[in-house]
Protein chains: 2
Amino acid sequence: MSVRIADTMLVIGAGLIGGSLALALRQRNLVSRVTGFARRREQLEQGIAAGVLDAAVDDLPAAIAEADIIVLGVPTLTVADYLRLVAEHRKPGSVVTDVASVKGEIAAMLVTTLGELPDWFVPGHPIAGSEQSGIAAANADLYVNHKVILTPAERTDSQALALIQRMWQAVGAEVVCMDIVAHDRILAATSHLPHALAFVLVDTLNNMPEQQRIFEFAAGGFRDFTRIASSHPVMWHDIMLSNKQAILDVLADFRGHLAQLEQAMQCDDGAAILAMFERAKAARDAFTRQLNNRQEETL
Amino acid sequence: MSVRIADTMLVIGAGLIGGSLALALRQRNLVSRVTGFARRREQLEQGIAAGVLDAAVDDLPAAIAEADIIVLGVPTLTVADYLRLVAEHRKPGSVVTDVASVKGEIAAMLVTTLGELPDWFVPGHPIAGSEQSGIAAANADLYVNHKVILTPAERTDSQALALIQRMWQAVGAEVVCMDIVAHDRILAATSHLPHALAFVLVDTLNNMPEQQRIFEFAAGGFRDFTRIASSHPVMWHDIMLSNKQAILDVLADFRGHLAQLEQAMQCDDGAAILAMFERAKAARDAFTRQLNNRQEETL
């Protein structure tokens, strides 16, 4: 009962995210052929070996011209450059989407380079991933029960939007449309700031004189808290720069709350510390219940 | 081939940590009888129902007088008070330990209240735990392959130290002795600061106007990063106050590194951002390898 999504899909920047999407679509027989392009050739060889890709692309313009669907899995700051190349070589009717974690900066770059947001481009962001990267970690179930945010513009073609929506739903995701500014602000809070804090914490500890003993005595809480500090440095560098203002805003807010805790500690204001921790625990416990409900819904 | 640890063990503050130890010792037949004291009576009923405790204690002085080993599982700031009660009622030859995450403040309080560190008291800290709390979550394998730090003083009785060492080893832990100041500084970095940051982050996000949508679009990275914000507020309140200086020191260090990231973002200094993220990823990846090696050693 599956409805075909496309004949040929091209993944530009074939890594964990694009590779997992390709694998999920192939396993469901929703695409006939997946080609992949990556700067690091061994990614493509691993992708072919893992059954994620049918072929590695050497001639990118030719592959763009052949593809019915193009997915950009490249770091945020290079999305607009690849879209310019896509605009030049794509065949009429092809639909293009990306998976970048920041949407405002890409839209702004497109207006600069192409004069406007192309109607065949559907900006997208799957809220799924892993601290792992690379196509060898591709997982056909990565998107099951996960949200995918699309941030279409007014001029985005409605059929293109419907196709990308259908594509993500077909691999198990829940698709939500959202305003670009809201997307970038929410993701700054839930994803970009936590990654920044994890990178900064590990860097801080790694610079302490007792660095070796520190990591030796770190346990489960530390392991979970810092897992995201193993994420892809270039990808996160791009996110920090391209969603700069939203991240700096929520970071300033965080710093204010941190200063409150420091001051409470300095003044031995136990009531203020306890009140903050109780509020945080209540909010985090509510989030856990919400997550559990989501998971039950899919059983 | 197991060597008995004690006839009667008393757990004061019977929750996750003390309960898991009791359960592990009972399952290995290393104690004959475990009694438990807790301010919340239902903890004791749950402990008896779960097979963790033999009996609930109403008359604490009498129970102290009967016990061969006493484990204090109470929050850090109350350890010294209970130790004073123990000093008054214990029988000669009994050995006492605690599991608090901060050691310096407890030693200081004991010097104030008892005039010196009792030679029958072996300060201890198992580096294991969970964001869960309560005796119902007790787990006999909680300490397998985990470190336990003991911070004995010069005057600590060597037989008492040897018994506590043997007790932890018997439930699968690796015991390490450490200087009190080093312990408090290392734990401030690997455990206390991460918990503070997680509580502060969740509290920050929970105060944002789009609070509801924020938690709705949070994914796996956020879940792992904030798991420890579900920890016991009173326990962590006590830790913040009792290890105040070491935590404020490492927090100041962290704030300095955070300011570097902010400045790099503000100045679009991509090289500085990338260098920091690459250093952090390398350190975190090395930590992952270290953890994996530890796990392999036990197979």
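Let's begin with accessibility: a residue is called buried under 20% relative accessible area, exposed over 50% and partly exposed in between, using a 1.4 Å probe and protein chains only. By that rule, A:Arg223 at 30% relative accessibility counts as partly exposed.

This is a predicted model, in which local features need pLDDT of at least 70 and side-chain atom pairs count only at pLDDT 80 or more, while totals for chains, interfaces and linings use all residues. Residues are numbered from 1 along each chain as its sequence is written, chains are lettered from A and ligands numbered from 1 in the order in which they are written, and side-chain values use heavy atoms, with hydrogens and water left out.

Start where the two chains meet. Chain A and chain B each give 83 residues to the contact, where contact means heavy atoms within 4.5 Å. The size of an interface is often given as the accessible area lost when the parts come together. Here chain B and chain A bury about 8400 Å² between them, 71% of it on carbon and sulfur atoms; buried area is the accessible area (1.4 Å probe) that two parts lose on being put together, summed over both. On the chain B side, B:Phe217, B:Phe225 and B:Arg284 lose the most area to chain A, together 9% of what that side buries.

Several elements of chain B give two or more residues to the side that touches chain A, including strand E8 (147–150), helix H8 (211–216) and helix H12 (270–297). Helix H7 of chain B gives the most, with 18 residues. Helices (H or I, at least four residues) and strands (E, at least two) are DSSP runs, numbered from the N terminus. By class, that side of chain B has 49 nonpolar, 14 polar and 20 charged residues; Ala, Val, Leu, Ile, Met, Phe, Trp, Tyr, Cys and Pro count as nonpolar, Asp, Glu, Lys and Arg as charged, and the others, Gly among them, as polar.

Helix H7 of chain B is also the place of B:Asn206, which is partly exposed, with a relative accessible area of 24%. Leaving aside neighbours within four places in sequence, B:Asn206 is in contact with A:Arg279, A:Ala283, B:Gln211 and B:Phe215. B:Thr226, in helix H9 of chain B, is buried at a relative accessible area of 0%. A polar atom of the B:Thr226 side chain lies 2.7 Å from the backbone oxygen of B:Phe222.

Now for the rings. Over all chains, the structure holds 13 aromatic pairs; rings of Phe, Tyr and Trp (its six-membered ring) pair if their centres lie within 6.5 Å, and planes under 30 degrees apart count as stacked, over 60 as edge-to-face and the rest as tilted. A:Phe287 and B:Phe215 make a tilted pair, 6.0 Å centre to centre with 45 degrees between the planes. Since A:Phe287 lies in helix H12 of chain A and B:Phe215 in helix H8 of chain B, the pair joins two chains. Both A:Phe287 and B:Phe215 are buried. B:Tyr143 and B:Trp168, in turn, are edge-to-face, at 4.9 Å centre to centre and 75 degrees between the planes.

Finally, look at the salt bridges, each a side-chain nitrogen of Lys or Arg within 4 Å of a carboxyl oxygen of Asp or Glu. In one of the bridges, the side chains of A:Glu262 and B:Arg255 meet at 2.6 Å, N to O. Within chain B, B:Glu174 pairs with B:Lys147, the closest N and O atoms being 3.6 Å apart. That pair links distant parts of the chain, with B:Glu174 in strand E9 and B:Lys147 in strand E8, 27 residues apart. B:Glu174 is partly exposed at 43%, whereas B:Lys147 is buried at 9%. Salt bridges that share partners also join A:Arg223, A:Asp224, A:Arg227, B:Arg223, B:Asp224 and B:Arg227 into one network.

Note on methods
Polar contact = N/O pair within 3.5 Å; in protein donor to acceptor, adjacent residues only side chain to side chain.
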